Amino acid sequence: MSWRRSSVVERRTHKPYVGGSNPSAATSPPIKVRIMGKSVYLDYAATTPVDREAYKAMCPYLSDKFGNPSSVHRRGQEAKKALDGARIKAAELLNCKPEEIVFTSGGTESDNLALRGVMGGARKTKRNHLIVSKIEHPAALKTAEALEKSGFEVDYLPVDKEGIIRIDELEKLIRKETALVSIIYANNEIGTIQPIKEISKLIKEKNSETLFHTDATQAFNYLDCNVERLGVDLLSLSGQKLYGPKGVGLLYIKQGTKVTPVQTGGEHEMGKRAGTENIPGIVGMAKAMELVAEKREEESRRLQELRNKLIEGIRASIKGAFLSGSFTNRLCNNLNFCFSGVEGEALVMSLDVKGIMGSSGSACSSAKLEPSYVLAALGIPQELAQGSLRLTLGRNTTAEDIDYVLEVLPEVVERLRSISAIG
Ligand SMILES: *Cc1c(COP(=O)(O)O)cnc(C)c1O
């Protein structure tokens, strides 16, 4: 007893472990996490691992080069140089000017800044109308709902059964008061790709004052994100979806676009986003963007081949499996099946036991049992939507992984059906 007590005291007086050789090893052995057998991560739409090169680029800014870019001295200017370099790199990759990039804390903040910033500025001009699609990510959709509650007029644009927005409906909805249209480039649940160029053309024809924002968070890895070619005024990205770190993102804001800041504070980011910049995160994100862009086409082809093999294999081996969304206008790394008579959450958990990590609906809403609003917008009946499974492939996915899923999934679906209460 006395020995124990003294050892606790001793532990408390230990200095906190700050890396290097492990001085606290004698008192607190490292926790061992053993992953048994297979580990097949197929949830790249939820998040991606940080690229090794991006990680290495970040490291100095997490240690020696810790300066605040707003400081005048050399330590600050070192950080400022890294920030400027990352901004130039990101701008090149989006084909815009460096001053048009505002770094944020992620996709959620970028969407908030786009919607709240534009609508907040438009309020003074009495242009109080916002249009969003019904299948936006919650970061944009919930923001639109909040704006509606605070007095803005919001229209929710329907999609067809493949998840493509109804462009005829959009044409009808745009009017004199429409300040902003926000449409997700590629959907996070079903991977449906919207015809962004066509949409931007239509918007400008109908009302040259109306701004166009797209959430390109899922699109950047595989699709053209040249803002000039797309014809967008604002575009959101998140670092963690493109093999960069979490907690960093960016918003492209076309020069001359009026965006009122959402948070008040210092004059960071051209006065559009107060708060000391996340230098390691920003450096890592810009590096990750560069690496993605270098291999975009090659990697897209590779993943599309693997993904199609998986789709065909599932169709051939499991009855009552329905691919939701579009087959052709779809991200090359995404598949989303609804299995009749199965509960999606149970499916995800059973697959996890076998080492396969996927998701049902979007990761953000998967804590709730209600079926996905995205699948509902496609007109998929609730009972079927409950059995949805999203698998998203990425950089570490191999042909072996796909074979393993095709070996395991049919058994798992069959077993769940045999014990399920759903029809
Ligand atoms: C993940 C995601 C977001 C949110 O990004 P965070 O970095 O989590 O804030 C926004 N939009 C889409 C389409 C996403 O996939």
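User: What makes E299 and R302 about one helical turn apart?

Analyst: In this predicted model, E299 and R302 both lie in helix 10 (residues 296–317), and they are 3 residues apart, which means a separation of about one helical turn.

User: Why is the pair E299 and R302 called a salt bridge?

Analyst: The closest N and O atoms of E299 and R302 are 2.9 Å apart. The cut-off is within 4 Å, so the pair E299 and R302 counts as a salt bridge.

User: Is E299 buried or exposed, and how do you know?

Analyst: E299 has a relative accessible area of 17%. Buried means under 20%, so E299 is buried. R302, at 31%, is partly exposed.

User: Why is the pair R395 and D51 called a salt bridge?

Analyst: Their closest N and O atoms are 2.5 Å apart, and the limit is 4 Å; therefore R395 and D51 form a salt bridge.

User: Which parts of the chain does the pair R395 and D51 link?

Analyst: The pair links distant parts, 344 residues apart. R395 is in the loop between strand 12 (388–392) and helix 14 (399–419), while D51 is in the loop between strand 1 (40–41) and helix 2 (52–62).

User: Why does R395 count as partly exposed?

Analyst: R395 has 30% relative accessibility. Exposed requires over 50% and buried under 20%, so R395 falls in between and is partly exposed. D51, at 12%, is buried.

Notes:
Residues are numbered from 1 along each chain as its sequence is written. This is a predicted model: local features need pLDDT of at least 70, side-chain atom pairs count only at pLDDT 80 or more; totals for chains, interfaces and linings use all residues. Side-chain values use heavy atoms; hydrogens and water are left out. A salt bridge is a side-chain nitrogen of Lys or Arg within 4 Å of a carboxyl oxygen of Asp or Glu. Helices (H or I, at least four residues) and strands (E, at least two) are DSSP runs, numbered from the N terminus. Buried means under 20% relative accessible area, exposed over 50%, partly exposed in between (1.4 Å probe, protein chains only).
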